[in-house]
Amino acid sequence: MSGHAESRKVYYAIFGALLALTYLTVAVARIDLGRLNTIVALTIAVTKAVLVVLFFMHVRHSNRLTKLVVVGGFVWLALLIGLTMLDVTSRNWLTIPG
Amino acid sequence: MITEAPVDTGNYITSHYGIKSWLLTVDHKRIALLYLIAITFFFFLGGAFAVMIRLELLTPQGDLFQSETYNKLFTMHGIIMIFFFLVPSIPATLGNFLVPLMIGARDLAFPRLNLASWYIFIVGGCFSVFAAIFGGVDTGWTFYTPYSSTYSNTWVTVTAMGIFITGFSSILTGLNFIVTIHTMRAPGLSWFRLPLFIWSHYATSLIMILGTPVVAVTMLLVGLERMFRVPIFDPALGGDPVLFQHLFWFYSHPAVYIMILPAMGVVSELVAASTRKPVFGYKVVAFASIAIAVFGFLVWGHHMFVSGQSVYASLVFSFLSYAVAIPSAVKVFNWTATMHKGSNSYHTPMLYAFGFIGLFTIGGLTGLFVAALGVDVHVHDTYFVIAHFHYIMVGGAIMGYLGGLHFWWPKITGRLYPELPAKLSAFTIFVGFNLTFFPQFVLGYLGMPRRYHAYPEEFQVLNVMSTAGASILAFGYALPMLYFLWSLKWGKHASPNPWGAKGLEWLTTSPPPTENFKEMPVVTEPAYAYAPHKGVKVVDV
Amino acid sequence: MSTSSHSPALLHHFDSVEQQKEASSLGMWLFLVTEIMFFGGMFTAYIVYRSLYPNAFVAASHTLDITMGAINTAVLICSSLSMALAVNAAQLGRRKSLVWFLILTILLGSVFLGIKAVEYHDKFVHHHVPGASFHFEGPEPQNAQLFFSIYFGATGLHALHMIIGIVLLAILAIRAQRGRFSSEYYTPIDMTGLYWHFVDIVWIFLFPLLYLLGGHLQGGGH
């Protein structure tokens with residue numbers, strides 16, 4: 001946990017960015033980009049999350065261990081989703097007789 | 001008042017009296033004892049179910065219980081033994097007691113959370129006991145859907161909620177350990193001077209934090225599906241039962257490492273103390289614990305080879321399952337190397353350590369059998385698998401637990417257990433265990449399926465051997481109960497360090513005072529810094 | 001290092017206030033990791049079913065009101081700002097500001113829950129609540145029902161976390177009003193802030209995944 005306070009101006013700036021990104025994601029969703037829609041939406045969501053984590057949760061000023069814990073949590077979720085989807089997406093690749 | 005005990009200005013047991021001082025304690029040592037009582041109860045409850053299973057399997061016909069009842073017996077046996085005995089066993093008893101002592105702290109980081117974790121455990125346990133008394137659960141401890149989420153007519157939701165609740169107990173314990181080990185080590189106690197018991201519990205705690213929440217949300221979803229007919233896993237409503245299995249095994253495979261890593265930590269301590277040598281390859285063993293925890297999360301699909309999982313995913317999981325065996329094997333090599341030219345002694349804890357090393361090796365090697373896709377197609381859901389995991393859980397984890405209990409009994413209670421009955425029990429357990437479970441490897445290989453109470457005639461001889469072994473094993477487990485209790489009143493009083501072992505816990509009285517140390521220790525030497533003998537050099541890593 | 005080891009907030013098993021703060025912070029972050037995995041199971045189910053039944057999911061997603069979802073997202077972002085400002089006020093020892101920002105956060109959280117309640121009611125009226133009375137007019141109703149199972153499961157779990165957060169904030173506001181916090185000791189505010197921001201992050205992902213599927217085909221179908 002950091003000892004020094006983040007400046008309030010930074011908080012307002014991040015707040016503005018988060019609102020702008022929300023507006024952006026809704027706007028983009030109304031345009032047909034095919035597969036890209038999902039990628040754009042998730043990219044924006046990840047960006048918002050990163051801003052909240054770094055600034056509102058002040059991980060920007062935290063020690064290495066905290067940063068490792070945060071990254072580790074998301075990596076672990078990625079493992080769960082990734083290996084499960086490895087199964088789901090590859091189920092139809094090979095038709096096995098019987 | 002003069003007693004034969006050494007000068008005792010009060011210890012954690014005598015410092016406060018009355019039931020409230022125990023039920024509202026925040027002392028990690030008292031909480032460890034509360035857990036000890038609770039898990040012992042669950043051990044014998046789970047054991048009772050095992051007795052009934054083995055009695056039924058004496059004869060080829062399903063003649064002692066109806067099939068539905070038998071389904072409940074093996075389900076309750078599994079649920080109670082795994083969630084209410086093995087998962088908490090070493091961490092919540094020995095871990096809770098020893099982690100602060102071993103690192104030179106006054107308590108864990110969050111003592112009140114520690115007490116809360118015990119109450120949460122008890123509440124979760126009550127759900128399971130309720131289910132057991134009022135008709136049981138028959139889905140198998142694996143709760144496969146849609147049987148569990150739709151078709152079973154037993155207390156699935158109650159049991160699932162019990163597991164959900166108990167999961168939080170596990171999470172809080174793990175959280176406490178990680179924070180404590182990171183922030184409360186004594187001055188001079190760097191990471192690579194920590195006892196390997198601490199490394200093991202740290203790795204175990206990582207698994208508790210990362211895995212348990214997933215089984216918790218999975219149990220919640222099963223409960224929702226059952227109670228509100230909300231489709232999630234039922235194929236009739238569009239759901240995917242294999243998704244359940246992915247979510248379930250994401251925790252339940254690493255859970256087996258929650259059950260074995262603490263026992264490995266105990267074995268490291270027992271081997272070092274008994275040979276009066278540092279564990280060979282200390283750093284490698286420490287990293288192996290972390291490797292087991294990490295790799296353990298990458299292999300869960302090996303429980304699903306025949307469930308409809310894609311062949312490609314199965315290939316990946318099979319390969320990774322071989323990889324996860326490596327750090328475990330490395331530990332076995334290192335313990336063995338430690339014993340080479342060691343000043344070996346053969347007291348009871350060391351006997352259990354020997355038992356662990358041998359039986360865990362057998363269990364672990366047979367894990368490689370089932371990790372092979374081709375072999376698993378044949379032995380999946382047979383007694384081969386049952387024998388495999390009982391060799392590790394019982395031959396490994398429980399032996400580690402008993403070895404640790406004996407080793408630290410003087411520290412915990414201030415009394416010595418009687419050595420001869422203890423040695424006899426260890427031998428009895430070893431013999432009984434092998435007679436119970438080795439025949440099951442053969443049975444499984446010959447094709448006897450698990451979870452059936454009737455079997456072909458030709459399997460009877462092996463089943464009778466297994467049941468005979470089980471009765472010996474049960475007797476072996478009863479003995480320590482008796483002599484441990486006996487020792488509380490009539491056992492010899494223990495000195496601070498009856499084993500002459502290294503480790504901060506041995507620097508304080510037996511039992512320790514409430515605040516653990518009269519003077520907080522400062523660490524200046526590596527772990528297991530025994531006086532060099534027979535050319536053994538102690539190196540500070 | 002302005003605090004002595006005799007600070008009233010120092011618990012006896014810690015050696016220093018710094019050690020205690022470090023422990024609290026690490027503990028809260030580890031707890032949040034468990035929450036990532038807890039919600040993660042739900043997200044996994046969503047991703048699996050969405051990849052298996054894309055059409056049904058798009059059709060089901062269209063029955064959600066994007067405007068309400070977007071407003072709720074903005075409301076939560078505002079509440080994260082007010083929470084961050086509350087922690088800031090605590091850090092600077094400004095008791096009154098602290099209390100007001102906590103109350104503002106509670107109000108915004110309640111607005112979120114109110115809008116959610118309206119949405120749930122709407123779902124109930126249209127028979128989109130999974131279970132015996134479920135009825136869906138679009139394609140693949142069975143698979144669409146899976147979408148709604150996850151919708152209610154995930155947003156329900158999220159709402160439960162919001163409620164718990166609001167209760168915690170109320171307790172903190174009362175304690176803050178009574179002067180229990182200072183620039184030397186405001187750890188509970190800080191830790192609850194972390195929790196609150198986390199719950200916001202969950203919604204940041206839930207919103208696009210649940211509401212914005214195939215948004216360009218509002219009112220239509222494939």
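This is a predicted model: local features need pLDDT of at least 70, side-chain atom pairs count only at pLDDT 80 or more; totals for chains, interfaces and linings use all residues.
Local features need pLDDT of at least 70 and side-chain atom pairs count only at pLDDT 80 or more, while totals for chains, interfaces and linings use all residues. Residues are numbered from 1 along each chain as its sequence is written, chains are lettered from A in the order in which they are written, and side-chain values use heavy atoms, with hydrogens and water left out.

**View 1. Helices H8 and H13 of chain B pack against each other.** H8(B) spans residues 241–275 and H13(B) residues 383–413; helices here are DSSP runs (H or I, at least four residues). Their axes, lines fitted to C-alpha atoms over the stretch in contact, sit 8 Å apart at an angle of about 45°. On the H8(B) side, the residues in contact (heavy atoms within 4.5 Å) include B:Val256, B:Ile260 and B:Leu270; H13(B) brings, among them, B:Gly396, B:Gly400, B:Phe407 and B:Trp408. Sorted by class, this contact has 12 nonpolar, 4 polar and 1 charged residues, with Gly counted as polar.

**View 2. An aromatic pair, B:Phe250 with B:Phe297.** B:Phe250 belongs to H8(B), while B:Phe297 is in the loop between H9 (282–295) and H10 (311–339) of chain B, 47 residues apart. Over all chains, the search finds 68 aromatic pairs.

**View 3. The two assigned domains of chain A.** Domain 1 covers 1–61 and domain 2 covers 63–92, with bounds from an automatic or database assignment. Their C-alpha centres lie 21 Å apart.

Key:
Axes are lines fitted to C-alpha atoms, for helices over the stretch in contact, and angles run from 0 to 180 degrees between N-to-C directions. Helices (H or I, at least four residues) and strands (E, at least two) are DSSP runs, numbered from the N terminus. Rings of Phe, Tyr and Trp (its six-membered ring) pair if their centres lie within 6.5 Å; planes under 30 degrees apart count as stacked, over 60 as edge-to-face and the rest as tilted.
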